[in-house]
Amino acid sequence: MQHESNATVEPGRTADKPPSSQIARHCLLTRARQICRVLTSVYDDALRPFGIVAPQFSLLVLIAEFGPISRSDLGRRNHHDRSTLTRNLQPLIARGWVTEGVPASDGRSRPLWLTHEGKTLLKSAASAWSTAQSHATRLLGEAGAHELMNIARDLPLRTG
């Protein structure tokens, strides 16, 4: 079996291959989602003893850094659609780690912030996060981890 490189296929060679073959070998989305699933698993495993999963932990960190913050601002900052954000926020609110304030003057935005328990959880889980971060860095390699951080930093905020 011949191994194909990950290099871009020359346009002249694409005609003899079905579109699925090209997509399967060169789709950035597919590769990014594979990386995401592997990294999520690494962080989930580390955070499991604290009763939280990686997407929820990420929200805790963002709320700690930027809170009080509205749901819409949090969603834009972390590229979440409304339903995904709500699904990940609900357990945080139910467990008392995040609280949602009264509606602002516009009647819609309700600021989110960490409770004392949420801050305690964040502090307690920091060493587990650090272990996961080291493992993820080893998986990606130092250069890959650095480049991933650069790419993420340069992404625009979500607009919708």
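Residues are called buried at under 20% relative accessible area, exposed at over 50%, and partly exposed in between, with a 1.4 Å probe and protein chains only. The model is predicted: local features need pLDDT of at least 70, side-chain atom pairs count only at pLDDT 80 or more, and totals for chains, interfaces and linings use all residues. Residues are numbered from 1 along each chain as its sequence is written, and side-chain values use heavy atoms, with hydrogens and water left out.

The protein chain holds seven helices and two strands. Helices (H or I, at least four residues) and strands (E, at least two) are DSSP runs, numbered from the N terminus. Their order along the sequence is α-α-α-α-α-β-β-α-α. The chain has 160 residues, of which 28% count as buried.

Helix α2 covers residues 28-47. With 20 residues at 1.5 Å a residue, α2 should span 28 Å. The expected span is 1.5 Å times one less than the number of residues. The end C-alpha atoms of α2 are 28 Å apart, which agrees. Its buried residues are L39, V42, Y43, D44, A46 and L47.

Helix α5 comprises 13 residues. From first C-alpha to last, α5 reaches 18 Å, close to the 18 Å expected. T84, L85, N88, L89 and L92 are its buried residues. Their cover includes α3, α4, β1 and β2. G96 follows α5 and has a positive phi, near 80 degrees.

In soluble globular proteins, nonpolar side chains tend to be buried together. A nonpolar core is here a set of buried Ala, Val, Leu, Ile, Met, Phe, Trp, Tyr and Cys residues joined through side-chain atoms within 4.5 Å. The largest such core has 27 residues. Within this core, I52, L60, I63, L74, L89 and L92 touch the most other members. Two or more core residues come from each of α2, α3 (54-66), α5 (82-94), β2 (112-114) and α6 (116-140).

L92 shows how parts of the chain meet. Leaving aside residues up to four places away in sequence, L92 touches I52, Q56, L59, L60, W97 and V98. Q56 belongs to helix α3. Q56 counts as buried because its relative accessibility is 11%. E65 is exposed, at a relative accessible area of 59%. The C-alpha atoms of E65 and L114 lie 9.8 Å apart, although the two residues are 49 apart in sequence.

Four salt bridges occur in the structure. A salt bridge is a side-chain nitrogen of Lys or Arg within 4 Å of a carboxyl oxygen of Asp or Glu. One joins the side chains of R48 and D45, at 3.0 Å from N to O. R48 is exposed, with a relative accessible area of 52%. D45 is partly exposed, at 45% relative accessibility. Another links R76 with D73, where the closest N and O atoms are 2.3 Å apart. Both R76 and D73 lie in helix α4 (residues 71-78). Three residues separate them, about one turn of the helix. R76 is partly exposed at 29% relative accessibility, and D73 is partly exposed with a relative accessible area of 36%.

R110 and E100 form a further salt bridge, with closest N and O atoms 4.0 Å apart. R110 lies in the loop between β1 (98-100) and β2, and E100 in strand β1, so the pair ties together parts that are ten residues apart in sequence. R110 counts as partly exposed, at 34% relative accessibility. Salt bridges with shared partners join R71, E100 and R110 into one network.

The charged end of R77 sits over the ring of F66, 3.8 Å from its centre. This arrangement requires NZ of Lys or CZ of Arg within 6 Å of the ring centre and within 35 degrees of the ring normal. The structure holds zero aromatic pairs. Such pairs require rings of Phe, Tyr and Trp (its six-membered ring) with centres within 6.5 Å; planes under 30 degrees apart count as stacked, over 60 as edge-to-face and the rest as tilted.

Technical notes
Contact = heavy atoms within 4.5 Å.
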